[in-house]
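Dear colleague,

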Amino acid sequence: MQRRQVGPGELAGAVGELLDNGFRLALVAAHDDGDAIRVVYLLLAGGPDRRVELTLTTDAGSPSVPSLGDLSIPAGRFEREMMDLYGVVPVGHPQPRRLVSHAHWPQDWHPMRRDAGCPPEFATVGGFPFVTVDGTGVYEIPVGPVHAGLIEPGHFRFSVIGESVLRLKARLWFVHRGIEKLFEGRPVGGGVELAERISGDSSAAHALAYCLAVEDALGIEVPEPVHGLRALLVELERLYNHATDLGALANDVGFALANAHAQRVRECVLRINGRVTGHRLLRGAIRPGGVVLQELPDPGELQALAGEVAEISELTLGNPVIYDRFADTAVLRRDDARALGCLGYVARASGISTDARCDHPTTALPVVPVSRSEGDVLARYTVRRDEFAASVTLIAALIDRHSGRLDGPLEGPLEIRSPLPAAGTSGVGIVEGWRGTVVHRVEVEGGVVTRCKVVDPSWFNWPALPVAMADTIVPDFPLANKSFNLSYAGNDL
């Protein structure tokens with residue numbers, strides 16, 4: 001990890017040079033140090049694993065940073081987040097609107113500041129500056145934030161003419177829970193339970209990212225077998241989620257039979273998870289310094305499930321009506337995906353080969369990222385179908401690495417270096433979850449977490465959904481939305 005301090009006049013040039021050299025902006029984290037606000041910019045690149053942190057310090061009385069919004073779309077969103085939660089003004093931002101805090105939040109209350117205190121009284125109403133699209137025959141369709149079924153709240157505002165979508169605006173942060181604030185003051189060993197609950201369907205990925213960050217901060221050397229078994233758990237998480245989505249996408253075009261079979265596959269994987277870790281969502285197995293498993297999965301059972309998924313996909317895409325609905329629908333072009341910083345299967349379906357298992361490995365894995373170039377619903381479907389088969393092969397290789405058996409629990413003690421540096425230490429954890437790259441950055445002092453910045457891949461992928469919906473029709477929104485399958489909780493924190 002390269003770390004360096006930069007001044008306001010140096011920031012844009014330093015970040016721009018790194019972006020030009022193949023780095024991506026992975027996170028921007030503000031820290032309230034009392035008399036100053038410290039802002040850390042983490043940039044990553046793969047092949048080989050490269051990490052650079054740039055730190056800029058500003059006065060806490062009137063904090064500001066030069067905006068990078070004209071240089072990077074993700075940077076502009078991180079800056080708006082800091083503005084809401086820390087009161088850091090992004091000078092020169094092209095669109096300095098609120099992002100996290102809705103209009104009924106008090107204007108001058110910044111909950112991540114040390115002196116924020118208890119939440120003040122919120123307003124009962126508040127508007128939102130939606131862009132109005134005018135013209136003959138143009139009208140708006142509001143959807144949400146309350147939805148039918150078990151779905152978290154998000155508001156979508158469609159500007160349409162007939163059934164054609166002219167513009168879509170997504171409004172999030174209805175489920176902001178203050179996750180990063182909840183990490184503060186926790187013992188490092190006690191933060192993993194919170195990490196597992198950031199986004200429930202990504203429990204293993206977030207737990208592992210947190211543990212890797214803690215281990216990086218404290219200098220804990222984890223044995224190679226532990227890294228391999230942790231990777232196995234993340235692949236199991238990929239399996240049950242991909243199977244779920246393959247069925248749900250078929251269901252969104254009326255093919256309930258494929259969905260029923262896919263949900264059965266999902267249930268089978270969840271039962272395997274329960275046998276392997278004692279928890280269907282893989283919680284409690286990954287912890288700082290080690291991993292605890294009850295047994296290893298049966299490769300033959302997983303191979304049989306991979307055969308079923310292949311058959312489900314063949315039946316689904318063999319239907320010409322379904323194929324027609326998937327193909328050329330909600331296209332996200334490669335240049336747009338790259339500009340937005342998209343990750344995971346959303347990026348890979350648009351021709352961007354990004355995968356933290358290759359770019360930032362913790363152990364050597366025989367991973368070849370699956371990618372397509374079309375960027376449509378069909379591409380996002382087939383990437384997940386192919387990743388299911390690839391993950392089963394990878395799990396079999398990891399099991400073979402352990403000779404097909406587990407000799408007792410592989411758990412390492414959490415050893416904290418003593419004494420810790422007075423100013424504390426920081427660490428970064430990077431994991432390729434099933435949606436894409438999860439990044440945690442922690443700061444630890446005296447065995448206690450003083451700051452944990454979390455970035456779920458949905459943070460980067462949510463802005464891509466409205467872009468892909470341009471030039472589509474309203475009835476395709478459920479299908480397009482499911483093809484992205486973004487996490488509200490993972491984004492809103």
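A helix axis here is a line fitted to C-alpha atoms over the stretch in contact, and the angle between two axes runs from 0 to 180 degrees between their N-to-C directions. Please note that this is a predicted model.

With that definition, consider helix 6 (residues 224-251) and helix 7 (residues 256-277): their axes lie 7 Å apart and the packing angle is about 165°. Helix 6 is therefore roughly antiparallel to helix 7, because angles over 145 degrees are counted in that way. The crossing of helix 6 past helix 7 is left-handed. By class, their contact comprises 15 nonpolar, seven polar and one charged residues.

The next point comes from a record. An unreviewed UniProt entry annotates residues 25-116 as "domain: NADH:ubiquinone oxidoreductase 30kDa subunit". In the model, this span is 15% helix and 37% strand, and its end C-alpha atoms are 28 Å apart.

Is S426 buried or exposed? This residue, which belongs to strand 12 (residues 425-432), has a relative accessibility of 16% and therefore counts as buried, since the cut-off for buried is under 20%. The side chain of S426 also makes a polar contact of 3.4 Å with the side chain of R3.

Finally, helix 16 (residues 477-484) is largely enclosed by the rest of the structure, because six of its eight residues are buried. The buried residues of helix 16 are F477, L479, A480, N481, S483 and F484. Just after helix 16, N485 adopts a positive phi of about 40°.

Yours sincerely,
A colleague

How values were computed:
Residues are numbered from 1 along each chain as its sequence is written. This is a predicted model: local features need pLDDT of at least 70, side-chain atom pairs count only at pLDDT 80 or more; totals for chains, interfaces and linings use all residues. Side-chain values use heavy atoms; hydrogens and water are left out. Helices (H or I, at least four residues) and strands (E, at least two) are DSSP runs, numbered from the N terminus. Angles under 35 degrees count as roughly parallel, over 145 as roughly antiparallel, 65 to 115 as roughly perpendicular and the rest as oblique. A crossing is left-handed if the near helix is turned anticlockwise from the far one by less than a right angle, and right-handed if clockwise. Ala, Val, Leu, Ile, Met, Phe, Trp, Tyr, Cys and Pro count as nonpolar, Asp, Glu, Lys and Arg as charged, and the others, Gly among them, as polar. UniProt positions are given in the numbering used here, feature names are shortened, and annotations may be inferred rather than shown by experiment. Buried means under 20% relative accessible area, exposed over 50%, partly exposed in between (1.4 Å probe, protein chains only). A polar contact is a pair of N or O atoms within 3.5 Å; within protein, one must be able to donate a hydrogen and the other to accept it, and residues adjacent in sequence count only if both atoms are side-chain atoms.
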